[in-house]
Amino acid sequence: MIEVKYFGAIAEKTQCSFENVVSSNISLQNLLKDLEAKYKFESISFSVAVNQKIVSKTTDYTLKTSDIVALLPPFAGG
Amino acid sequence: MNASSRYNRQIILPEIGETGQYKLLKSKVLIIGAGGLGAVILPYLAAAGVGEIGIVDDDVVELSNLQRQVIYKSSSVGKYKVEEAKAMIAALNPDVKVNAIAKKLSGKNAISLFEKYDIVVDATDNLQIKYLINDACLITDKPMVYGSIFRFQGQVSVFNYQNGPTYRCLYPDENSSSVNCTDAGVIGISVGIIGMLQANEVIKMILETGEILSGKILVYNVLNNEQQKYDFEKSDSFVIDRSTFEEKYSQKENRVEEISAEAVLDQIDNEAVLFLDVRNEDELPKITFRNSLQIPLINLENEIEKLDSNQTIYVFCQSAIRSKIAVELLQKMNFKNLKSVEGGALALKPLLEEKVIVRD
């Protein structure tokens, strides 16, 4: 199981702050593609972290069970 | 100045001492934005004895600001935020020199402003300005203390600290969008917590103590008190120097400001505004009223002496294409207060007919 955390405007789209994705051997790129199809993030940009480290969205990485992915959009309030 | 008694409680901290207090007094911090974040960062830095603080904001205090911008009073409404902030700090700690800068930060003033300070604090509510602050910090080699809010969540980081990663390394997509507090809503306490974390980073940098949030973004959720830190690395994909900076930001600032036809109608009796019709004389419907003047676009440069470059001018044409060209032309000739009327004469006409001003 892979845990995905959501923040800011992304969490408003998903209507939850985290969820567990039951997939094994899925690539990070495919996970992001699936989430985009499911939630339609559209114009909301975000950075992606795997295990507390920001990585490129196009990085070639196969997610492992127990990996934690986070979607971090920029905030603009102040 | 009776420094030892004012600052006694912090001087007795081994991490500060007389040396640390002297560092605070000698430091210069620039805060961009005197809103929710700025209103927390400013008094805490001033109370701690930061010697010189610049604060940049061209807004006036509004009633809806007071639930979170706690340094202002009900009687501040309608007054410049930076002036009110300066008066508040003068009463709090006369050791601190406050530079109240009632201007919008722009590509034109950012670099010369940043050069006068040691640390720049981003207390703005606008993504585009964050890129401007980031880029100007890169050029002037200043650390940028970032903070921002989305509803009950906040982010804090320090960019460009000792050549560390920048805002662009974390968020390379400059064209992204995110809502601010006006649109999303916010409670004062969330802004207060994030502003306080920013002030804490500033003080640690000055005192050269603790660990700076460089290459890390802290995300705080006030509803469940969860906080997470994410690491990010410096990316070399963005390079900027003074000339590319100027090119990039001067273009953005010359864009044409627009005003809606409805808003124009409210100003129609305002003698301080000139309504400039840049259509040809044979174009219908004719629109003339007390403060209107017709100079066809093609004649504008030759008849420029008919206009006062300090006057507020609302430019219109048939459908707001030529009026934008006219505004750009006038901007190049140093006219300052210009707006193009959205929809032009075709939008104005039905509104004016209701007011019975059109002579057709």
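Predicted model: local features only at pLDDT ≥ 70, side-chain atom pairs only at ≥ 80, totals over all residues.
Local features need pLDDT of at least 70 and side-chain atom pairs count only at pLDDT 80 or more, while totals for chains, interfaces and linings use all residues. Residues are numbered from 1 along each chain as its sequence is written, with chains lettered from A and ligands numbered from 1 in the order in which they are written.

Q: Is H4(B) parallel, perpendicular or oblique to H10(B)?
A: Let's begin with the elements: helices (H or I, at least four residues) and strands (E, at least two) are DSSP runs, numbered from the N terminus. The axes, lines fitted to C-alpha atoms (for helices over the stretch in contact) with angles from 0 to 180 degrees between N-to-C directions, come within 8 Å for H4 (residues 38-48) and H10 (residues 188-207) of chain B and cross at roughly 40 degrees. Angles under 35 degrees count as roughly parallel, over 145 as roughly antiparallel, 65 to 115 as roughly perpendicular and the rest as oblique. H4(B) is therefore, relative to H10(B), oblique.

Q: How many charged residues are in the contact of H4(B) with H10(B)?
A: Residues are in contact if their C-beta atoms, placed from the backbone, lie within 7 Å. Those making this contact include B:Tyr44 and B:Leu45 of H4(B) and B:Gly195 and B:Met196 of H10(B). Ala, Val, Leu, Ile, Met, Phe, Trp, Tyr, Cys and Pro count as nonpolar, Asp, Glu, Lys and Arg as charged, and the others, Gly among them, as polar. By class there are ten nonpolar and three polar residues, and the charged ones number no residues.

Q: Which element gives the most to the side of chain B that touches chain A?
A: Here 33 residues of chain B are in contact with 18 residues of chain A. Elements giving two or more residues to that side of chain B are E6 (153-159), H9 (181-184), E8 (226-231) and E5 (144-150). With four residues, the one that gives the most is E5(B).

Technical notes: Contact = placed C-beta atoms within 7 Å.
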